[in-house]
Amino acid sequence: MQGGAGPRVGTTKGGVRELVWGYLESSGLAERPRPVHGRIPNFKVRGGASHAATRLLALQEFKAASTVKINPDAPQKNARFLTLEARKTLLVPTPRLRSGLFNRIVPPSGATKEILRICATSQGIKEYSVPVGLDGKVRVDLVVVGSVAVSEKGWRIGKGEGYADMEYAMMVSMGAVKEETPVVTIVHDCQVLDIAEELLDDHDLTVDYILTPTRTIKTNCKRPKPQGIIWHKVSYEMLAKIPILKSLRYKEKQTGKDVTLQDEHPDLANANKSAALNAKAMPGNTRPQAAMGSAQTGQQYVESDSLSPRLEGSGTITTVYVGNIPPNVRVSELKYALREFHATPLKVNWQGAQHRAFLDYKDKTAAESAVSSLKGLSLGGNTLRVELAKNQRNKGQVEINSQKLI
């Protein structure tokens, strides 16, 4: 802690984290869930994190905010309650971004303080929330994040998994936050440390206010916040863990941005970038649209994909349902996305008038892989609904009976 007792400053991010976690545990300040190692730590003293959160109420930025994004960790539970009590819109990131970006907490009509407190818990978030995707047109007025350590200059160290940094970068990319959107963190006084600037990376989120049980610190931080997702620092593993990243990458690639991943081969990356730019440069009616005459948005269209193997042998085809397709999207756009996401099917049954399509895969494993790859995909402003079709058939049935697949 600056100017007082606390953990001695580490020389690496990992060292700083271990010192803070160890100090909170050894000094008796750690609060459940425990141990605090590997977490955004909760703490107890003079009301603990709950008391520190009440300092939000005095911030003009909080008073003026209509929509507040707060992380789901235990130390921010009271901040979530205070936001709901103030009748503001509360957004909470989905845990580890597995199923989307945000959940919007929707308390029941006439909710009492007791119900609002429940809504602010992890269980309440599950019961009283609706998902908000990339196309939710969200505008966030205030961001509240957890920290393991933070400096009075506004430099922040999280628990090491990068989710808070990624959440912010995704909000920038979807236009939900701007450079001037204030970022607040709630910590114990001992978590306020001198942090060497060389420990920070360009993707690290900085904070504008630090709330502790004893102080409200305005950092006047001059270091720029992340300007969006830095794709060359995103790995295939991260892309697999965070499905909504795939959709965002696809959208940004369509605009001509360089979305080369950390572990992509340079030659392959350049080829992919060139293909995306070429597709973008084509006139609207000449983008990759095979069989254009039968690919109009309102017509049914069935095509075996020339890039996929034919139906051979015995066994069972597995069909994937794709729904919530906007009326302005053509089959060619869906097929282009399928190739980009490495989810090319054996056959596409396009039912644009019903805003849906059915995709045939050679077996259940291939179909489930496609569902995982396409989860969170957005086309034409809609997040698509992608799941295994309710009814399946064997390979001898080459034509889809759409009535059986509703």
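**Entry 1: helix α4**

I began with helix α4 and listed its buried residues: N78, A79, R80, F81, L82, T83 and L84. Buried here means under 20% relative accessible area, exposed over 50%, and partly exposed in between, with a 1.4 Å probe and protein chains only. Helices (H or I, at least four residues) and strands (E, at least two) are DSSP runs numbered from the N terminus. The helix spans residues 77-85 and is mostly covered, with 7 of its 9 residues buried. Just after α4, I found R87 with a positive phi of about 60°.

I noted the terms of the model: it is predicted, local features need pLDDT of at least 70, side-chain atom pairs count only at pLDDT 80 or more, and totals for chains, interfaces and linings use all residues. Residues are numbered from 1 along each chain as its sequence is written, and side-chain values use heavy atoms, with hydrogens and water left out.

**Entry 2: the whole chain**

I looked up the totals next. The secondary structure comes to 12 helices and 20 strands. Of the 406 residues of the chain, 49% count as buried. For contacts (heavy atoms within 4.5 Å), I took those between residues at least 6 apart in sequence; 68% of them join residues at least 24 apart.

**Entry 3: nonpolar cores**

Which residues touch the most other members of the largest nonpolar core? I found L24, L56, L142, V144 and V184, in a core of 43 residues. A nonpolar core is a set of buried Ala, Val, Leu, Ile, Met, Phe, Trp, Tyr and Cys residues joined through side-chain atoms within 4.5 Å. I then followed V144, leaving aside its neighbours within four places in sequence: it is in contact with L56, V68, K69, I70, N71, Q76, V184 and I186. There is also a second, separate core of 36 residues, which includes M171, V183, V207 and W231.

**Entry 4: α9 against α11**

I checked helix α9 (residues 243-254) against helix α11 (residues 331-340): their axes come within 11 Å and cross at roughly 115°. Axes are lines fitted to C-alpha atoms, for helices over the stretch in contact, and angles run from 0 to 180 degrees between N-to-C directions. On the α9 side I listed Y250, K253 and Q254, which meet E333, Y336, A337 and E340 of α11. The residues of this contact divide into 3 nonpolar, 1 polar and 3 charged.

**Entry 5: salt bridges**

I searched the whole structure and got 14 salt bridges, each a side-chain nitrogen of Lys or Arg within 4 Å of a carboxyl oxygen of Asp or Glu.

R215 pairs with E152, the closest N and O atoms being 2.9 Å apart. R215 lies in the loop between β11 (209-211) and β12 (216-218) and E152 in the loop between β8 (149-150) and β9 (156-157), so the pair ties together parts 63 residues apart in sequence. Both partners are partly exposed, R215 at 27% relative accessible area and E152 at 31%.

E252 and K257 form a salt bridge at 4.0 Å, N to O. Is E252 buried or exposed? E252 is buried, at 7% relative accessibility, while K257 is partly exposed at 46%.

E387 and R385 meet in a salt bridge at 2.8 Å, N to O. E387 is partly exposed at 27%, and R385 is partly exposed at 40%. I also found K13, D201 and D204 joined into one network by salt bridges that share partners.

Conventions. Ala, Val, Leu, Ile, Met, Phe, Trp, Tyr, Cys and Pro count as nonpolar, Asp, Glu, Lys and Arg as charged, and the others, Gly among them, as polar.
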